[in-house]
Amino acid sequence: MDGIKYAVFTEKSIRLLGNNQYTSNVESGSTRTEIKHWVELFFGVKVIAMNSHRLPGKGRRMGHTMHYRRMIITLQPGYSIPPLIEKRT
């Protein structure tokens, strides 16, 4: 899963979990079909729809571009992605 960076947990993304929608940041060079294929292959789920947008860059004098974009992935009813939680000892 080279293109998917990490899951995003904001107020909106937690609210979207109730609609079976998962939010994650992906590399900007990845296409929707690649991300869909990776999610379906890695998690064993069926993806219905994918929405993406680029996040606004932080204001810097020399210019700064974001190297990732945010994807909202909608799964078919009955499928879910298990939470990725590390155990801390």
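Q: Is Phe 42 buried or exposed?
A: This is a predicted model, where local features need pLDDT of at least 70, side-chain atom pairs count only at pLDDT 80 or more, and totals for chains, interfaces and linings use all residues. Residues are numbered from 1 along each chain as its sequence is written, and side-chain values use heavy atoms, leaving out hydrogens and water. Buried means under 20% relative accessible area, exposed over 50%, and partly exposed in between (1.4 Å probe, protein chains only). The relative accessible area of Phe 42 is 52%, so this residue is exposed.

Q: What kind of aromatic pair do Phe 42 and Phe 43 form?
A: Rings of Phe, Tyr and Trp (its six-membered ring) pair if their centres lie within 6.5 Å; planes under 30 degrees apart count as stacked, over 60 as edge-to-face and the rest as tilted. The structure holds one such pair. Its ring centres, in Phe 42 and Phe 43, are 4.9 Å apart and the planes meet at 85°, so the pair is edge-to-face.

Q: How far does helix H2 reach from its first C-alpha to its last?
A: Helices (H or I, at least four residues) and strands (E, at least two) are DSSP runs, numbered from the N terminus. H2 covers residues 32-43, which is twelve residues. The expected span is 1.5 Å times one less than the number of residues. For H2 that expectation is 16 Å, and the helix comes close to it, reaching 16 Å.

Q: Is Ser 30 buried or exposed?
A: Ser 30 sits in the loop between strand E2 (21-27) and H2. Not counting residues up to four places away in sequence, Ser 30 touches Gly 3, Ile 35, Trp 38 and Arg 69 (contact means heavy atoms within 4.5 Å). Its relative accessibility is 6%, so Ser 30 counts as buried.

Q: In what order do the elements of the protein chain run?
A: The chain has two helices and four strands to arrange. Starting at the N terminus, the order is β-α-β-α-β-β.
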